[in-house]
Amino acid sequence: MADFLETNLKKVAEIQKNHTKILAIAVILLTIVLGIGLKDLTINSDFRKEMPTDLPIFALNDRISDKFGGQDMVLIAVQIDESVDSKNAIRDIRDPGLSNP
């Protein structure tokens, strides 16, 4: 297997060495052709369309939006400091009252 791979890689290297200008032109033309297609590329920024709609977090978000009238979604990231040794330290942000034994 190693001999097969090495032999073929040497052949590819030889082709690249002998036809450098042609390969460079081909790469440039391919880049231009693919670049033209980029103008038709669209990105879906609403990640809810990509997620399962039956998740409880989305139902909760809909209830909050209905109650407070929010149209935009806000994503909040929280990192808990695990180095705190206090017995009153918050370990579960979903319900701080239950996180302390």
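Predicted model: local features only at pLDDT ≥ 70, side-chain atom pairs only at ≥ 80, totals over all residues.

I started with the second largest pocket, which holds about 190 Å³ of space.

Which residues line the second largest pocket? I found Ile76, Val78, Ile93 and Arg94 there. Sorted by class, that lining has 3 nonpolar residues, no polar ones and 1 charged one. Arg94 is the charged one, because Arg counts as charged, while Ile and Val count as nonpolar.

**Whole chain**

Next I looked up the overall layout. The protein chain has 4 helices and 0 strands, and reading along the sequence I get the pattern α-α-α-α.

How much of the protein chain is buried? I wrote down 3% of the 101 residues. A residue goes in that group if its relative accessible area is under 20%. The protein chain exposes about 9,800 Å², and carbon and sulfur atoms supply 62% of that area.

**A nonpolar patch**

I noted a nonpolar patch of about 560 Å², made by Met51, Leu55, Ile57, Leu60, Ile64 and Phe68.

Ile57 sits in helix H3, which covers residues 56-68. Is Ile57 buried or exposed? Its relative accessibility is 53%, and the exposed class begins over 50%, so Ile57 counts as exposed.

**The salt bridge**

Last stop: charged partners. How many salt bridges does the structure hold? I counted 1. Lys10 pairs with Glu6 in a salt bridge, and their closest N and O atoms are 3.3 Å apart.

Where do the two partners sit? Both are in helix H1, residues 2-18. Lys10 and Glu6 are 4 residues apart there, so about one helical turn separates them.

I also checked how open each partner is. Lys10 is exposed, at 53% relative accessible area. Glu6 comes out at 43% relative accessibility, so I put it down as partly exposed.

Terms used: Residues numbered from 1 in each chain as written. Heavy atoms only, no water. Helix = DSSP H or I, 4+ residues; strand = E, 2+ residues; numbered from the N terminus. Buried < 20%, exposed > 50% of the residue type's maximum accessible area, 1.4 Å probe, protein only. Areas by Shrake-Rupley, 256 points an atom, 1.4 Å probe, with all protein chains shown as cover. Patch = residues over 30% accessible without salt bridge, like charges linked within 9 Å, V, L, I, M, F, W, Y side chains within 5 Å. Salt bridge = Lys/Arg side-chain N within 4 Å of Asp/Glu carboxyl O. 1 Å grid on protein atoms, 1.4 Å probe; cavity = no way out; pocket = protein on both sides within 12 Å on 5 of 7 lines; lining within 4 Å. Points joined across faces, edges and corners; volume = space filled by probe spheres on them.
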